[in-house]
Amino acid sequence: MKRVSIGGQAVLEGVMMKGPEAYALSVRKPDKTIEVKVTEYTSFGDKHKAFTFPILRGIVNFIESLYIGMKTLMDSSEFLEEEEEGNAANGNEASAQSTEKKKEDSSNTGYLIGTLIVSLLIAVGVFMLLPAFLANFLYKVTESDLLVNLAEGVLRLAIFLGYVAVISQMEDIKRTFMYHGAEHKTINCMEAGDDLTVENVKKHTRFHKRCGTSFVFIVMIISIVVFMFVHTDVMWLRLISRVLLIPVIAGISYEFIRYAGKHENACSNVLSAPGLWVQRLTTKEPDDDMIEVAIKSVEGVVDWHEYVECVRNNSFEV
């Protein structure tokens, strides 16, 4: 068996885990049962080797992760809605047909892409363009590009951390952050060579170097460095440069997260520390039911028994 890097995401009352050949969505439904949906998936990089080069592979992975993340988030909401509407309808055929129609519409690729584009535009506007717009006014009191770009970076970090802190107080988000913790603890348990049982998973940390939260935080840090090389006090040029450089920043950030996830040394630990600290806001300790859901998702994409055995014996294929 080859060593693989399992990634994941918390969704509404569930967890998605992505393996090398498929991703699995597991959701705890209102009747307390766990529904698992496994989808085979071949990454764009595997289909086209040109997209496996450093930086470029990060851009591709970023786009794919956004698409899969949005799709599984919508699927998880449909599982819950279907259960609730089914109970309310009590077998009503018209309601069942309406639910099925909604499911078909929501799974439409065009609908997903449209939702993804709108979400991206909002994120870019709030986290990239707004700080650049506000920082540009500092040119009225200073001519230092370094100072203005640094202020922009600080604003960007403040907006991001403030956003996370505010949404973390919402009840539904708190539960999602608990599932986020279950996702991390389960992956950490498997990668440590421990059997995936609830008791074993509970012993492991809820923080992980490959987390998407760490990736976003690293994007913020890398953006400060990259934008230091852009010198302009013309507002529209400043805003356009921020948009055009997003793929480059995402690609560099991916390489950093990839390195940190594969290496355990003083350098990677120090550089990963800020992202792990932010995870204190975006992950919470899960309950046993949530851990069970995360384990089901792992089982959908990898034979964890064989994987754990390889970890213990250090017998992965080279």
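This is a predicted model: local features need pLDDT of at least 70, side-chain atom pairs count only at pLDDT 80 or more; totals for chains, interfaces and linings use all residues.
Residues are numbered from 1 along each chain as its sequence is written, and side-chain values use heavy atoms, with hydrogens and water left out.

Let's start with the helices. Helices here are DSSP runs (H or I, at least four residues), strands are E runs of at least two, and both are numbered from the N terminus. Take α6, residues 171–191, and α12, residues 288–301: their axes come within 9 Å and cross at roughly 55°. Those axes are lines fitted to C-alpha atoms over the stretch in contact, with angles from 0 to 180 degrees between N-to-C directions. Contact means heavy atoms within 4.5 Å, and among the residues that meet are Tyr 179 in α6 and Ile 295 in α12.

Now the rings. Phe, Tyr and Trp rings (for Trp, the six-membered one) pair if their centres lie within 6.5 Å; planes under 30 degrees apart are stacked, over 60 edge-to-face, and the rest tilted. The whole structure has 6 such aromatic pairs. In one of them, Tyr 23 and Tyr 41 sit 6.0 Å apart, centre to centre, with planes at 65°, so that's edge-to-face. Tyr 23 is in strand β3 and Tyr 41 in the loop between β4 and α1, 18 residues apart.

Is Tyr 23 buried or exposed? Buried, at 5% relative accessibility (buried is under 20% relative accessible area, exposed over 50%, partly exposed in between, using a 1.4 Å probe and protein chains only).

Lastly, ring pairs link Phe 127, Phe 160 and Tyr 163 into a cluster.
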